[in-house]
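Biologist: Could you put the model up, and then we can go through some of the aromatic and strand contacts together?
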Amino acid sequence: IEEKVCGVEKKTTTAEAAEVTSVAPSATGECEMEFKKHPHTNCHTDHGATPIHGNYHHQSLSHGECQSKCKADSKCQGVVVHNGAKSAEGHCWLITDIDASKCQSDDGYDVWIEEKVCGGEKQTTTTEAAEVTSVAPSTTGECEFEFKKHPHTNCHTDHGATPIHGNYHHQSLSHGECQSKCKADSKCQGVVVHNGAKSVEGHCWLITDIDASKCQSDDGYDVWIEEKVCGGEIQTTTTEAAEVTSVAPSTTGECEFEFKKHPHTNCHTDHGATPIHGNYHHQSLSHGECQSKCKADSKCQGVVVH
């Protein structure tokens, strides 16, 4: 499966106080992520969340250390910890697929859910180039957010997304400016823009409640969805060998894609994936050649090989 990997040292400094990973969103309206406390609550299997590691949990961690474990895991959306009502301090469960409305009241636990917060003075500096908000995840494995392009796609009402402002849309904006509008809105999860196939450039729709699998193919539009990206600096430069295409992210903080191997696994129709060409498949290709075929197809997200 092709996944995004980012490198170089993070240039920002964050501070942690008490039991919260605090952030200071910028005065320009950009957004950051912070953990919001839900006291006397427990989220677990069939009750508002899925534990990432099953019954396994970290032990002897402070709340801040627990949150750092979550930030380093791209699937993690929050943590469950014991509070003062429990004698077993320091236990830490990482959770995902969170629906706080289905979590349970429990005096012995607190839940911290990572949420998007906008507004206020920002202590860090980010850069934006061309049509992507680029990020530089830290060497400690923390995560950031960036926009991922879904070309020739349109997400709208009843087709994979809810426009935040209805039919209203911003005009005369570059793609970067459109993404900045989204970052400044706590509800926004992505944007829809015209591409070169449309004569009306610069239009920008902010969208939320995104389900990319239900969006429509449309040559006139592109969709940019904000996604969580984690990583650290890749210290070595390697070439392709065996069954993996490895990359070395640049020292400027840009991101690249690499293929991550999921051994002894098959993804196919009704079982985790949709074959792009149906039953047709390429033959007599090395794994590297197969991955190159995928990279050349804008719809391709991964490959299955013997």
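Modeller: Before we start, two strands pair if DSSP finds at least two bridges between them, and strands are DSSP runs (E, at least two residues) numbered from the N terminus. This is a predicted model, where local features need pLDDT of at least 70, side-chain atom pairs count only at pLDDT 80 or more, and totals for chains, interfaces and linings use all residues. Residues are numbered from 1 along each chain as its sequence is written, and side-chain values use heavy atoms, with hydrogens and water left out.
Biologist: OK, which residue in strand 10 is the bridge partner of H82?
Modeller: That is Y109; strand 7, residues 78-82, is joined to strand 10 by five bridges, and the two run antiparallel.
Biologist: And how many bridges join strand 7 to strand 8?
Modeller: Four, again with the strands antiparallel, and V81 has C92 as its bridge partner in strand 8.
Biologist: Is strand 7 mostly covered or mostly open?
Modeller: Mostly covered, since five of its five residues are buried, where buried means under 20% relative accessible area with a 1.4 Å probe and protein chains only. G78, V80 and H82 point one way, while V79 and V81 point the other way.
Biologist: Switching topic, how many aromatic pairs are there?
Modeller: The structure holds two, counting rings of Phe, Tyr and Trp (its six-membered ring) with centres within 6.5 Å, and calling planes under 30 degrees apart stacked, over 60 edge-to-face and the rest tilted. W93 and Y109 have ring centres 6.1 Å apart and planes at 65°, so that pair is edge-to-face.
Biologist: What about W205 and Y221?
Modeller: Their ring centres are 6.1 Å apart with planes at 65°, so they are edge-to-face.

Terms used:
Buried means under 20% relative accessible area, exposed over 50%, partly exposed in between (1.4 Å probe, protein chains only).
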